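Reader: I am new to this structure. Please take me to a single part first, then widen the view.

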Amino acid sequence: MSGSLNIFVLVKQVPDQGSKAGLNPDGTIDRAKAKRMLNPFDRYALQAALHAKKCYGGRVTAISMGPPPAVEVLLETLEHGVDEAFLLSDRRLAASDTLATAYALFRTVSYVGKPDLVFCGLQTTDGDTAQVGPQLAERMGLPQITYCEDFSIEDNKVHGRRIIEGGYQKVVSEMPLLVTVANSYHPLEYKSFRGAWKVRRLARNEEELKKFIHTIDLDIVKADPDRTGLKGSPTIVAATEKVGELGGSCKMHEGQSVETLVQSVIKESQLEQFFVA
Amino acid sequence: MTEQVEVDLSSFSPKGDVLVIAEHILGELQPVTLELLGAGRILSDKMERKLKCLVMGYNLGDIPQKLVEYGADEVYVADHEELEKYRTLPYRRVVCDFLESQSEPPHTCLLGSTTTGRDLAPRIAAHFDTGLTADCTELDIGPYEHKSKVDPTKIGLYPNCLYAIRPSFGESLKARILGPWKNPQMATTRPGVMTPLKPDSKRKGKIERIAVNLKPEDHRLVVVETVREIAKGVKLTEADVIVAGGYGLGTADGFDVLKDLAATFENSALGASRKVVDLGWIPYQHQVGQTGKTVRPKLYIACGISGAIQHRVGMSKSGTIIAINKDPDSPIFKFAHHGIVGDIYQIIPEMIKQFKEIQSGRGVKEVVGSH
């Protein structure tokens, strides 16, 4: 068993799906106006990172990239028991696509240290691409387990189970390794008492907070600004269009009672053909 | 400001073919590959280019021939014992070596948005520093004029660009994403969205074996076991009837009621919106929509699902869509065929009751009238 694992978890602050605030006419998101939350998929990655620390020993570092308010999600990770956090925040990162994002994160990870394990959420709810994790693994030259829904570590190797179409695969990988965690993994446990207490204390003392959450920029991580932001992104959103209304011929069923309502639907949609014989 | 910027377009090659990277699980060709060949055929015909297909595996048998029958002009076969099961690093090695061996990189490179395609495509894109668009619902080829001066080297008119179209964040927008500055222009498409060609056994194509040169570091991860859970219930994409639940269920226990409803139908399965999967009410495998599965059952019953675009793209091609939702303004009522505004927990038990009455009445039809 390795003495102490260096565990990184990558998290992102995303606009709250439930809120429509902050959507620009061109389909991009005005992150200043949108309500913010920790990317739901990252909760599973965070759980995986904390689980690895608990079972096999080590240290968990959370890394995020985003505008200054993204500190909120890093505080949240500290409340759950993360030891230290880094926020890469730089105006030159605006409009980065997945490739440019993966490059910036690669520079950040290299600056922060040499991880044995890097955990990412399967994807984000604002981009939905699932690309940044594998793109980061490619930049780092690491093997990867994507769609990972369970894992253990034995003899310095990670035994993982990953989802495939209509089933699963069991794999064994050397470390260092990048893992993207599926949402069929264990849900995030409650905030730790110690963590919550620590964050409450930090929130009152900015100097103290800086010891746990480091805000860094492209110069500090030695990233080439031309490879980030709009300039470093090989793709652009060239146009957005309204999705045409479909059909518009929904037959609304109304009835005096639930019974007549259901009768009407069964009759008119010819449901009988589908029933178990 | 009419500043003229001289742009040298010679570095951007408008040439190159369309490449589909085939996918199979234990020798079983995945439907998305045939769909990609159908979509790729249209793109390559539009540009008057060839449609190529790369397939990796071991003892591939008649798979390369099948790829020709479904539209490929040239099939490149990497047949090697170490490629029997999909693994990121060996597959990545073969694709990268193949692309580097080509005198001209492909114009477009397509993969399926499967657990395999979404694992492999980003590695290839990052290796070649090229653009990749995930989970497209439409693909096309067309011109694009880039005017933004943020990066003057990108300004210009590009006659043949891959239009990678996908729903974007927000309810009612789809985004056309382009990256014509570097080939290959890459995209993944959701299974079940594109249409395959009718197979033609008379179609002629070139089939060529390519060399496989794996390196020791490609074996850092090994596959111990591959399990297909075919016996475990009906597969969502093959069900005739899908009963799907959303946030409107109010609680995870709501799926128990939906399970009872699904049990009244032949060949049925449970579906779910992303929100409830995120909440952990039901496993990811049940998720329908942009980031889940694309389904087209004969009957889709949406219970407490608002019908956001991300969900709609995964099920709008269903035969009959019945929506039950307590909010009359839900977008789902704009594209469902039958709508009921009301409480799921009153309506579904009543449905089950009436369905059962009809079923039990089938054997003794004459009794039905006397009810």
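Predicted model: local features only at pLDDT ≥ 70, side-chain atom pairs only at ≥ 80, totals over all residues.

Now its setting. B:Glu208 belongs to strand 12 of chain B, which covers residues 206-209. Leave out the residues up to four places away in sequence, and B:Glu208 touches B:Val75, B:Tyr76 and B:Val77. Another residue gives a sense of distance. B:Val193 is 15 residues from B:Glu208 along the chain, and their C-alpha atoms are separated by 29 Å.

Step back to the whole of chain B. It has nine helices and 18 strands. Of its 371 residues, 59% are buried. Its C-alpha atoms fill a box of roughly 80 × 60 × 45 Å along the principal axes. Take the contacts in chain B with a separation of 6 or more: 67% of them are between residues 24 or more positions apart.

One peptide bond in chain B deserves a look. The bond joining B:Asn183 and B:Pro184 is cis, with omega about -5°. B:Pro184 sits in the loop between strand 10 (173-178) and strand 11 (185-189) of chain B.

Next comes chain A. It has seven helices and 13 strands. The box filled by its C-alpha atoms is roughly 65 × 45 × 40 Å, again along the principal axes. Buried residues are 55% of its 277 residues. Among its contacts between residues at least 6 apart in sequence, 72% join residues at least 24 apart.

Chain A also has a cis peptide bond. It runs from A:Met175 to A:Pro176, with omega near 0°. A:Pro176 is in the loop between strand 9 (167-174) and strand 10 (177-181) of chain A.

Where do the two chains come together? One place is a pair of helices. Helix 4 of chain A and helix 4 of chain B pack at an angle of about 50°, and their axes are 8 Å apart. The two helices are therefore oblique to each other. The crossing is right-handed. On the chain A side, A:Pro134, A:Gln135, A:Ala137, A:Glu138 and A:Arg139 take part. They meet a set of chain B residues that includes B:Arg118, B:Asp119, B:Pro122 and B:His127.

The loop between strand 6 (117-121) and helix 4 of chain A holds A:Asp128. Its phi is near 60°, a positive value in a residue other than glycine. A:Asp128 counts as buried, because its relative accessibility is 5%. A:Ala130 is in the loop between strand 6 and helix 4 too. Phi of A:Ala130 is also positive, near 60°, and A:Ala130 is not a glycine. With a relative accessible area of 9%, A:Ala130 is buried.

Helix 3 of chain A also reaches across to chain B. Its buried residues pack against helix 4 (117-128) of chain B. Within chain A, they pack against strand 1 (5-11), strand 4 (58-65), strand 5 (84-88), strand 11 (213-216) and helix 4 (132-140). Helix 3 spans residues 98-112, which makes 15 residues. From its first C-alpha to its last it reaches 21 Å, close to the 21 Å expected at 1.5 Å a residue. The helix is mostly covered, with eleven of its 15 residues buried. Among them are A:Thr98, A:Leu99, A:Tyr103, A:Phe106 and A:Val109.

Look at both ends of helix 3. A:Asp97 caps the N-terminal end. One of its side-chain oxygens lies 3.1 Å from the backbone nitrogen of A:Leu99. After the helix comes A:Gly113, whose phi is positive, near 160°.

One last stop is A:Gln47, in helix 1 (residues 40-56) of chain A. A:Gln47 counts as buried, because its relative accessibility is 5%. The side chain of A:Gln47 reaches the backbone nitrogen of A:Glu189 at 2.9 Å. Leave aside neighbours within four places in sequence, and A:Gln47 is in contact with A:Tyr185, A:His186, A:Pro187, A:Leu188 and A:Glu189.

Technical notes: Residues numbered from 1 in each chain as written. Chains lettered and ligands numbered in written order. Heavy atoms only, no water. Helix = DSSP H or I, 4+ residues; strand = E, 2+ residues; numbered from the N terminus. Expected span 1.5 Å × (residues − 1). Buried < 20%, exposed > 50% of the residue type's maximum accessible area, 1.4 Å probe, protein only. Contact = heavy atoms within 4.5 Å. Polar contact = N/O pair within 3.5 Å; in protein donor to acceptor, adjacent residues only side chain to side chain. Axes fitted to C-alpha atoms, helices over the stretch in contact; angles between N-to-C directions. Parallel < 35°, antiparallel > 145°, perpendicular 65-115°, else oblique. Left-handed = near helix turned anticlockwise from the far one by under 90°.
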